[in-house]
Amino acid sequence: MDIWDKEKRSQVMSRIRSKNTKPEMILRKALFARGFRYRVNDKRLPGTPDIVLPKYKTVIFVHGCFWHGHEGCKHASIPKTNTQFWVEKITTNKKRDKIHTEQLITLGWTVLIVWECDIRHNFKHDLPKLIDNVEAAILRGKSKKISIKIYEERKNEVVLVAEDIVEYNQSPSDTDTENH
């Protein structure tokens, strides 16, 4: 039995966002701070990815554990009411995710999935480690030449000093563990 009546449940469900969720905003802010520039929810690509990094031909989906059926995650449990509906809904979401991922890979894109539980719980107190893993995945197999802008601060003003091309021998965090 649901704890709310049908109207209240409908009101609660209507407030759940599909874009600009808190985990998405946290990841976007962290990537921007690392110098990554991206597009958001690009409708020209299959699945309308949450984050699109055209320079790296990489897309990132920030999946909610419940809505996308994160296997083995305690935040992805099926509700005890209307169970058949939720099982079908989540199964359909997973099938659609798989189709979109395959389409993007066929188009030559690298697809990364970051789970909500990684941002909100697993790496909550060590978000830089999660961002290191995401950054390594973005840079893996890509050109090792990255444009770096060097800035100098003068009397509370930021002045562009130089713009060089720096060559790296390996991607950052190549030795770190893979994404979850």
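**View 1. The salt bridge between Lys94 and Glu71 in the predicted model.** In this predicted model, the side chains of Lys94 and Glu71 form a salt bridge, with 2.4 Å between the closest N and O atoms. Lys94 belongs to helix 3 (residues 83-106), whereas Glu71 is in the loop between strand 3 and helix 3, so the pair ties together parts that are 23 residues apart in sequence. Lys94 has 32% relative accessibility and counts as partly exposed. Glu71, at 61%, counts as exposed. A search of the whole structure finds seven salt bridges.

View 2. Arg28 and Glu24 form a salt bridge in which the closest N and O atoms are 3.3 Å apart. The two residues are four apart in helix 2, which means a separation of about one helical turn. Both Arg28 and Glu24 are buried. In helix 4 (residues 116-122), Arg120 and Glu116 are likewise four residues apart, about one turn of the helix. Their side chains meet in a salt bridge of 3.3 Å, N to O. Arg120 is partly exposed at 34% relative accessibility, and Glu116 is partly exposed at 23%.

**View 3. The largest nonpolar core.** This core has 19 residues, of which Leu27, Leu31, Ile60, Val134 and Ile138 touch the most other members. At least two residues each come from helix 2 (22-33), strand 2 (51-53), strand 3 (58-63), strand 4 (110-115) and helix 5 (127-139). Helix 5 provides the largest share, six residues. Another core, of seven residues, lies apart from this one and includes Val59, Phe61, Leu104 and Trp109. In soluble globular proteins, nonpolar side chains tend to be buried together.

**View 4. Surroundings of Ile138.** Neighbours within four places in sequence are left aside here. The remaining contacts of Ile138 are Leu31, Phe36, Leu53, Tyr56, Thr58, Ile60 and Leu112. Of these, Leu31 and Ile60 are, with Ile138, among the residues that touch the most other members of the largest core.

View 5. Phe66, Trp67, Phe85 and Trp86 form one aromatic cluster. Five aromatic pairs are counted in total. In one of them, Phe85 and Trp86 are arranged edge-to-face, 4.9 Å centre to centre and with 80° between the planes. Phe85 counts as partly exposed, at 40% relative accessibility, whereas Trp86 counts as buried, at 13%. At another site, the charged end of Arg37 sits over the ring of Phe32, 3.6 Å from its centre.

View 6. His63 is found in strand 3 and counts as buried, with a relative accessibility of 5%. Not counting residues up to four places away in sequence, His63 touches His68, Asp97, Ile113, Val114, Trp115 and Glu116. Glu116 is also the salt-bridge partner of Arg120.

**View 7. The whole chain, for orientation.** The protein has five helices and six strands, which follow the pattern α-α-β-β-β-α-β-α-α-β-β along the sequence. Of its 180 residues, 32% count as buried. Among contacts with a separation of 6 or more, 51% are between residues 24 or more positions apart. The protein exposes about 12,300 Å², and carbon and sulfur atoms supply 51% of that area.

Notes. Residues numbered from 1 in each chain as written. Predicted model: local features only at pLDDT ≥ 70, side-chain atom pairs only at ≥ 80, totals over all residues. Heavy atoms only, no water. Core = buried A, V, L, I, M, F, W, Y, C linked by side-chain atoms within 4.5 Å. Buried < 20%, exposed > 50% of the residue type's maximum accessible area, 1.4 Å probe, protein only. Contact = heavy atoms within 4.5 Å. Phe/Tyr/Trp six-rings, centres within 6.5 Å; stacked < 30°, edge-to-face > 60°. Lys NZ or Arg CZ within 6 Å of the ring centre and 35° of its normal. Areas by Shrake-Rupley, 256 points an atom, 1.4 Å probe, with all protein chains shown as cover. Salt bridge = Lys/Arg side-chain N within 4 Å of Asp/Glu carboxyl O.
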